[in-house]
Amino acid sequence: MSSVSFRPLLAALAVSAALLAAPVLRAESPVAAPLHHKHPSDHPYPGGTLRVHVDMTRAPERIFDVRETIPVAKAGDFTLYYPKWIPGEHAPTGPINNIAGLIIKANGKQLHWRRDLADMYTLHLKVPEGAKALDLSFQFLSPGDGGLFGAGPSTSNELADIEFNQVAFYPAGYYSRQVMIQPTVELPTGWKFASALRVDHRSGNEVAFKPVSFNNFVDSPLIAGKYFTRVDLAPGAKVPVHLNIVGDTADSVKISKKQIDDHRNLVTQILALFGSHHYDHYNFLLTLSDHVDHFGLEHHQSSDDRLPSNYLTSKAMYLRVATLMPHEWVHSWNGKFRRPYDLWTPNFNMVKRDDLLWVYEGLTDYWAGVLTTRSGLWTTQQYHDSIAGIAAAMAHRTGRTWRSLQDTADAAPLTYAGASGWSNWRRRTDFYPEGQLLWLDVDTKIRELSHGRKSLDNFAHLFYGMDNGSYVTRTYTYQDVLDTLNKVQPYDWNTFLRKRLDYTGDQLPETGLARGGWKLVYTDQPSGLEKATAAVSHGVNLAYSAGFSVSSSGHVYDVQWNGPAYKAGLVPGMTVVAVDGKDFDTDALKHAVTAAKSDKAPIKLLVKNIDQYRTIAIDYHGGLRYAHLQRIKGTPDRLDKILKARK
């Protein structure tokens, strides 16, 4: 799932017993694999190859039974890590609370272990004399509700999704890329699977994969299920790309020819954009279920994409979430191959810093929308609808008066798991949507300055196009971003970016839409994408009119700070029971907002707050307002040039 970094080195971690028990690991250089200045801990783990066996046969009961063998080279104090900072999640979210039944043995005898008091992800123990290995057994209890990403629901009766960071410990004191592990999984009878991991051999329901570094192990999730479809998205190509789908029903995994063709076009367009690839094969791992968490998580040679069961069968759903897989695939270049220096660490238990998430996520989100359109997953009009909605939402971000875009990136470990209410005032992860506007601003500025000869596509080639075929991470700093922009088009990019990233005030600082030849307007009719969003979310968004959004059941999702509904006393979490004296439904609410345009009487809502009822009166008379784009006459249409498919 970052940033502007001015720090030349990773800041020191707080000293804890965990770090005293093993060498402190620091990144030594802005290049992730400096062979001529190796850290003392950047050498192969001397114990040998770890082995882990994950029994998935109880996946429908949300239980994974795990056996792990960790070879040891000598007796004495030993420290184990459970992965804490999971790449792409941008926070210390490793689901260690779901580990239970942990028994560690050596020479057949159970060992005492103790958790570090300063770091709950670290275990200390003593290896007895003569022991050659530690034998671990435990369960990963896959959650049934709650949690984010890998800490959320990941199984159903018919399928399972494993992020391998969930089911393994690893030795402290070594770069995790220098720790080798061989994974084996046992599948329920009849289930098929997909992963970026290479199969070594198979016996019945047991699949053994080839040994990989612990880095690649964590970076290679697996999906499995009874209902499975595999589609070749790059027929005949030397570097294969496959779409693997598991679902709860046979119908949910059926994909149409048009959908296949659009995703094959995506392959063409993404390779044209970057001019390189950084994997030897790529697998979309698409889980379609109403019983798992819905999100996307990037990996270098695959992506873990989890969507509702009707993704392929509902036009509204397919339209609304069309950018998910393009977004996660862009991360193979932007986030996995090229990674902010502060987000590269020698292992999964060092603090990562998210200050460049406006590049890592914001630029990825920008390209996701562009590629979705270039490939035909969206029409140009649907992109217009999307960027209009984003521009409207960001223009109404009341929290910009106190919180900069940069701070939303800096504070990402707090905001991903933060409460959803008052999102316009809190701002939360605005580096995604406003990041799109920021990079549209950059793209159109390059095109303006170069008179159409250069664009952000040239930046993509320069910044990500080196080392074709390699997936050894190359890190970058804020200065590297500036230097590459200046190679594409000389300009004072530092001032340009800082004016937008550090701005606080009541205006939207990005002007890329206008420079692209379009402006944001509002009408009383929703766009096609807005209709799809309402159909998927089962609610209505009145943020730009009465100042709140509400579900079809009356639950108030959000209220615009200092907006009409706020001033009337409405707050997130309340339930709207009635509108103007009649039972609530979304159509009645929209009718009331429309009627108030020609009536001086306020819109009256009967609301429930916990166990108390009261009537609030919203003094708003502007009618319904939905976001659209409108051409600015007499200006170059740079926006639609951006959206044209590459040849």
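The following dialogue examines how several structural terms apply to this predicted model.

Tutor: In this predicted model, local features need pLDDT of at least 70 and side-chain atom pairs count only at pLDDT 80 or more, while totals for chains, interfaces and linings use all residues. Residues are numbered from 1 along each chain as its sequence is written, and side-chain values use heavy atoms, with hydrogens and water left out.

Student: Why is Gln-166 called buried?

Tutor: Buried means under 20% relative accessible area, exposed over 50%, and partly exposed in between (1.4 Å probe, protein chains only). Gln-166 has a relative accessible area of 0%, so it is buried. Gln-166 is placed in the loop between strand E9 (159–162) and strand E10 (170–171); helices (H or I, at least four residues) and strands (E, at least two) are DSSP runs, numbered from the N terminus.

Student: What is in contact with Gln-166, leaving aside neighbours within four places in sequence?

Tutor: Contact means heavy atoms within 4.5 Å. Gln-166 is in contact with Tyr-82, Pro-95, Ile-99, Phe-140, Gly-150, Ser-154 and Asp-161.

Student: Why does Gly-296 count as buried?

Tutor: The relative accessibility of Gly-296 is 4%, and therefore Gly-296 counts as buried. Gly-296 belongs to strand E20 (residues 295–298). Its C-alpha atom is separated by 7.5 Å from that of Met-325, 29 residues apart along the chain.

Student: What makes E17 and E20 edge strands?

Tutor: Two strands pair if DSSP finds at least two bridges between them. Strand E17 (227–232) and E20 each pair on one side only. The open sheet has 5 strands in the order E17-E18-E19-E21-E20, with mixed pairing.

Student: What describes the packing of H7 and H13?

Tutor: Two packed helices are described by the angle between their axes and the distance between the axes. The axes of helix H7 (residues 362–374) and helix H13 (residues 456–464) come within 13 Å and cross at roughly 120°. Axes are lines fitted to C-alpha atoms, for helices over the stretch in contact, and angles run from 0 to 180 degrees between N-to-C directions. The contact is made by Leu-363, Tyr-366, Trp-367 and Arg-374 of H7 and Leu-456, Asp-457, Phe-459, Ala-460 and Tyr-464 of H13.
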